[in-house]
Every structure is written in C-alpha cells, then in structure tokens.
Amino acid sequence: MKDLYIIDGYNFIFNHKKPAKLSSSRLAELRNTLIENLLQFKSYISCDIITVFDARNSENLARNSEISDGIQVIYSKKGETADSIVENIVHSNENYDRIFVVTSDNLQQKVVFRHNIYRKSIREFSLEMKESRKKISDRLKYQKAFSEKSFYSIEKRIGRDLKEGLENIRQGK
C-alpha cells in the first residue's frame, strides 16, 4: 500500500510563500507552481496526493474536483472550508499505510490525529520537498555523467574503410 498526502493548498501557499496582496492571476500561478512541485515530490516518493483549496468565499455552489497530472485537486464549494474536506478525506481513506496532513493550522492538526495519520507542518513538508528536488537533481546529474561515459559513438565503432565509403556516399561520389 501507499502513503497519502493531503495538502491544505492555500494554507501552504500563504504560510510558505508569505505573499502580499494577490491578484487572482497571481494566486492561480502559485496554485499551479504548488501542483508542479507536488508532482515532482510524488514522482520521487511514489505516493498519492490530494490538494484541497478553500473556495468558501467564492460563488461555487458545488465542490469541484479534478485530476491534474495525477494529483487530485479539490476546490470547496461556497460556505465549505478546506478543513472540513480534509477531515472527511482523512476519515474515509483507510486503504493507506499512512496518511499525512500537511497544514500549519493548529486546530486542524489536532482534529485529524489518530492511528496512521500524521501531521506535518508547512515548513517541515517544504524542507522534504526541497530535499526530494535536490535528490532528483543529483540523480539526473549522475545519470547524465554515466551516460556520457558509456556513450560510444558510431565513428569509433566502424572501420576506416566503411567510414570512407559512407563519406563518399554522403558526398555523392
């Protein structure tokens, strides 16, 4: 079985980035950046991720859920909090070895606590994501260096006569 990470999206954005007053386009950009970072994290540790965004002040009459590159993204409906969605998800998903709730909301951290449910602060999870990005980068650098060492060009694998014959064909002789 896998682990499940449930991220309180706006809580993450406003506690991690500490943005000043935001336009809706800047907020959308920060949401997309968060989802991209979560996708990298997910690919590194092989887990499921659900990100919940609080839209209680919007005019959405229904909850909206979508899958974005393998990450489930949920937007609450008008009058509904992300916290209530997180609580429902936590208590309705028992098919996971561990469930991590990522939020810096102290009340939320107390409400969701039980067997196999773990709380992570935004700061702690940010450090984890940063470490996973570093490990991915290190792995890519190693693979690139290894593939460059093991690359054996065709020019080095064919004889002189064949090389001259191919060159004559290329030049139309």
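Hi everyone. Before we start, when I say contact today, I mean heavy atoms within 4.5 Å. And please keep in mind that this is a predicted model.

Let's begin with Tyr-5. Setting aside its neighbours within four places in sequence, Tyr-5 touches quite a list of residues, including Phe-41, Ile-45, Ile-49, Phe-100, Lys-120 and Phe-125. Tyr-5 also belongs to a ring cluster, where ring pairs link it with Phe-12, Phe-41, Phe-100, Tyr-118 and Phe-125.

Now to the core. The largest nonpolar core has 22 residues, and Tyr-5 is among those with the most contacts inside it, along with Ile-7, Leu-38, Ile-49 and Phe-125. Who supplies these residues? At least two come from each of strands S1, S2, S4 and S5 and helices H1, H2 and H5. Helix H2 gives the largest share, with six residues. There is also a second, separate core of 14 residues, and Ile-74, Ile-89, Val-101 and Ile-117 are included in it. As a general point, nonpolar side chains tend to be buried together in soluble globular proteins.

Back to the rings. Searching the whole structure turns up nine aromatic pairs. One of them is Tyr-10 with Phe-14, a tilted pair at 6.2 Å centre to centre, with 50° between the planes. Both residues sit in helix H1, four residues apart, or about one turn of the helix.

Last, the charges. Lys-120 lies over the face of Phe-100, 4.8 Å from the ring centre, and Arg-31 lies over the face of Phe-53, at 6.0 Å. Thanks, everyone!

Terms used:
Residues numbered from 1 in each chain as written. Predicted model: local features only at pLDDT ≥ 70, side-chain atom pairs only at ≥ 80, totals over all residues. Heavy atoms only, no water. Phe/Tyr/Trp six-rings, centres within 6.5 Å; stacked < 30°, edge-to-face > 60°. Lys NZ or Arg CZ within 6 Å of the ring centre and 35° of its normal. Core = buried A, V, L, I, M, F, W, Y, C linked by side-chain atoms within 4.5 Å. Buried < 20%, exposed > 50% of the residue type's maximum accessible area, 1.4 Å probe, protein only.
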